[in-house]
Amino acid sequence: MSIYVDLTKAMISEDELVNIYPQIVTAEEALSERSGAGKDFLGWYDYPDTYDKEEFEAVMEASKRIRSTCEAFIVIGIGGSYLGSKAVIDALNSFFANEKDLKGPKIYFAGQNISGKYLNDLFELVKDKDVMINVISKSGTTTEPAIAFRVFKNLIESKYGKEESQKRIFVTTDKEKGALKKLSEEEGYQTFVISNDVGGRYSVHTSVGLLPIAVAGHDIKDFMKGAKDQMDEINGDRSMTNPCYRYAAVRNILNRKGKDMEIMVNYEPEMQMFAEWWKQLYGESEGKDGKGIFPVSVNNSTDLHSLGQIIQEGKRNIFETVIVFDQHQNDMVIPYDEADLDGLNYISGKGMNYVNKMAFQGTLLAHVEGNVPNVVINVNELSAYSLGRLVYFFERACGISGYMLGVNPFDQPGVESYKKNMFALLGKRGYEDLAEMLKKNL
C-alpha cells in the first residue's frame, strides 16, 4: 500500500476499532449508494474512473500551449478553486521555483484575498511579461476572484487586444449557466467544466486542479492514476484493515473522547499548502450543526519553536495527524568543521533528512508522553502519483467521517453569512435593510 495509517501511538484499542466498524459500513454504504445527505454532490466519489477523458485531453493540450507561450500564468480562484492546485504545485515544485529560470511559465495565484497591496504588487510584477490567466469560479460573481479577474482581464485586453485575448484567457466554470459561462460564450474563451455534482473542496482531480497543475509541468496522468489506484484499493478492502477506514474511525473515536481539535503535522515545508487544503476539506465539511473537529496545522520543526509548548503541555483536547514520506528526492549532507564551535560534529556526514526523521520520532514520543494521541500517515514518496492517492484518500475519509459525525459533509451554509454582511456594507443593491441594521451594531 502507498498509504499506511499507523495507530500505535493513537491511544485507542483494536476493540474500539471493531466496535465502530458498523458505523463505517453504514457511512460507506450511504456514499456508494448515494443515499445520504448531500447525495447530489458525490460526483467525486468515482470520478477517478468516470472523468471526462475528452476534457482531460483538452486540458493537456491547453497546458502545452500555455507552457510554450507565456511567461506568467495567473490562476484566479478562492477556496476549493485554488487550494488544491496550489497544494499540489507547491508540494511538487522545487523550492523558489518562481525565482529560477525554469522551462515554462511562473505560476501566480490571485483572487484568494481582498488585499489591495497583494493584487497591486502582482499586477506590477507581471504587467510587462507575457501573461495568460485561468479564472476558476462556478458563478463568476464570487467577490474575491471576480475583482482579480476584472483587473487582469483589463490588463490582457489592453496589452493584446480583444482577438488575441481570447487565446490568453481560460475559464473553468459551470457547464451551462452563470456569468462566466455567458461571458466565455460571448468572448470565445476556451472553457473547462466545474461539475455540478462536485463541490469545490472535492474538485482537485477535475479541471479545477488539473489545468494549473499541468501548466506547472507536473504529470496529471500520474496524478489521476494515483487517485484511481487509491479508489480501487479502498473499494477492494471493506474491512478495518483499510487505511481510509482506520483514519475515519480514529478521528471519530478520539472526538468522542473530547479531542475536538486535530493538528495536521508536516515535516516537509513544501506540504504547508497541502495542510491548508486539508483544513478547508475537513473544516467546511464537518463544521456545522454545532459539531466538527477543528482542523489546524503546524509545520515542524519550525513550529516546535513556537507552538511546541502548548501542544506538549496545554489543554488536552487535541490529537495530531502526522504525514511522513518514506523516500526523499534531495538531501543536504552536514559538513565536518574542525573547530566544532556549534557542537554539530556528532551529526556531520549525516543527511538533513535523517536529522528530520529523528526530530519527528523524538517529537512523537514526547507528545504521546504528554497525552497527545498521534496518528501517523506514512506515504511512500512525494510525487504526482502519491499526491493523487493522498488527495482521494482524505476526500473519501472525509465523506465517511462526516456521515459518522451526523452532518452533511457536502454543503457549507455558514459560508454565506459573512458575504451577506459584506455586500450590505459595500452598498450592493438589495441589501439596504441589512445595511442599516449592521451599521447600528458597528
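Ser 203 touches Gly 80, Val 198, Val 208, Gly 209 and Glu 395, leaving aside residues up to four places away in sequence; a contact here means heavy atoms within 4.5 Å. The model is predicted, and local features need pLDDT of at least 70, side-chain atom pairs count only at pLDDT 80 or more, and totals for chains, interfaces and linings use all residues. Numbering runs from 1 along each chain as its sequence is written, and side-chain values use heavy atoms, with hydrogens and water left out.

Ser 203 lies in the loop between β6 (190-193) and α8 (207-215), helices (H or I, at least four residues) and strands (E, at least two) being DSSP runs numbered from the N terminus. Ser 203 counts as buried because its relative accessibility is 2%; buried means under 20% relative accessible area, exposed over 50%, and partly exposed in between (1.4 Å probe, protein chains only). The side chain of Ser 203 reaches the backbone oxygen of Gly 200 at 2.6 Å.

The protein has 16 helices and ten strands. Its radius of gyration is 23 Å, close to the 22 Å that the globule rule gives for 442 residues, so the protein is as compact as a globular protein of that length. The radius is taken over C-alpha atoms, and the rule is 2.2 Å times the number of residues to the power 0.38. The C-alpha trace spans about 60 × 60 × 50 Å along its principal axes. Of the 442 residues, 52% count as buried. Among contacts between residues at least 6 apart in sequence, 77% join residues at least 24 apart.

The largest nonpolar core has 91 residues, and those with the most contacts inside it are Tyr 247, Phe 274, Trp 277, Leu 390 and Phe 394. Such a core is a set of buried Ala, Val, Leu, Ile, Met, Phe, Trp, Tyr and Cys residues joined through side-chain atoms within 4.5 Å. Helix α14 gives the most to this core, with eleven residues. A second, separate core of 20 residues includes Ile 74, Ile 133, Phe 149 and Tyr 189.

Helix α11 (residues 272-286) has 15 residues, which should span 21 Å at 1.5 Å a residue; its end C-alpha atoms are 21 Å apart, in agreement. The expected span is 1.5 Å times one less than the number of residues. Buried residues of α11 include Phe 274, Trp 277, Trp 278 and Leu 281. Their cover includes α4 (83-92), α10 (243-255), β7 (261-266), β8 (294-299), β9 (318-325) and α14 (384-405). Phe 274 touches Ala 87, Ile 323, Leu 387, Leu 390, Val 391 and Phe 394, again not counting residues up to four places away in sequence.

Note on methods
Polar contact = N/O pair within 3.5 Å; in protein donor to acceptor, adjacent residues only side chain to side chain.
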